[in-house]
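Please keep the sequence and the model in view while reading.

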Amino acid sequence: MESIGWLAVLVILLICEIITLGLTTIWFAGGALAAFFISLTGANFWVQLIAFFVFSFAMLFITRPVLSRYINKNITKTNAEGLIGKQAKVLIEIDNNNCAGQALVDGQEWMARAMENEVIPVGTIVEIVQIKGVKLIVKKFP
């Protein structure tokens, strides 16, 4: 009778994985499958439960990092994340002390601040190091 319970857990976890597609419950579905097979051998419930957790966490910690590399390798950075590392041209002198500065990147004007507390003159090419809110944090391009 416990085998039916493990099949129910397996189905519920698979449905959750299909809905979320987050590679979160699939590992526990594998554990439920292992517990199901162990239940068919007549092992007691505690052995099945231990097998469920051991197999689930083993799959989670061993296979997830490998699969995540293959699944997430083609993710394209969007919006602001894609600007980091790009070059921009200073339109308005960047002066952190006076809260001034503007740069042009990919045809868009952004407020800009220097990474180090330095003044960067108009026309200088800078590299975008990070983005804080709506401001580019830049440094002079070598």
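How many bridges join E1 to E4, and do these strands run parallel or antiparallel? The model is a predicted one, in which local features need pLDDT of at least 70 and side-chain atom pairs count only at pLDDT 80 or more, while totals for chains, interfaces and linings use all residues. Residues are numbered from 1 along each chain as its sequence is written, and side-chain values use heavy atoms, with hydrogens and water left out.

E1 and E4 run antiparallel and are joined by 3 bridges. Strands (E, at least two residues) and helices (H or I, at least four) are DSSP runs numbered from the N terminus, and two strands pair if DSSP finds at least two bridges between them. Within this pairing, Gln87 stands opposite Glu127 of E4. E4 is also joined to E5, by 6 bridges in an antiparallel arrangement; there, Val126 has Lys140 in E5 as its bridge partner. The hairpin of E4 and E5 has 2 residues between the strands, and Gly133 in this hairpin takes a positive phi near 65 degrees.

The loop between E3 and E4 contains Gly123. Beyond its neighbours within four places in sequence, Gly123 is in contact (heavy atoms within 4.5 Å) with Lys89 and Val90. Gly123 and Lys89 are 34 residues apart in sequence, yet their C-alpha atoms are 5.9 Å apart in space. Gly123 is partly exposed, at 36% relative accessibility; buried means under 20% relative accessible area, exposed over 50%, and partly exposed in between, with a 1.4 Å probe and protein chains only.

Side chains of opposite charge can pair when their charged atoms come close. A salt bridge is defined here as a side-chain nitrogen of Lys or Arg within 4 Å of a carboxyl oxygen of Asp or Glu, and by this rule the count is 2. In one of them, Lys86 meets Asp106 at an N to O distance of 2.7 Å. Lys86 lies in the loop between helix H3 (45-71) and strand E1 (87-95), and Asp106 in the loop between strand E2 (100-105) and strand E3 (108-114), so the pair ties together parts 20 residues apart in sequence. Lys86 is partly exposed at 33%, whereas Asp106 is exposed at 53%.

Glu118 forms a salt bridge with Lys140, with the closest N and O atoms 4.0 Å apart. This pair links distant parts of the chain, 22 residues apart: Glu118 in the loop between E3 and strand E4 (125-132), and Lys140 in strand E5 (residues 135-140). Glu118 is partly exposed at 25% relative accessibility, and Lys140 is partly exposed at 40%.
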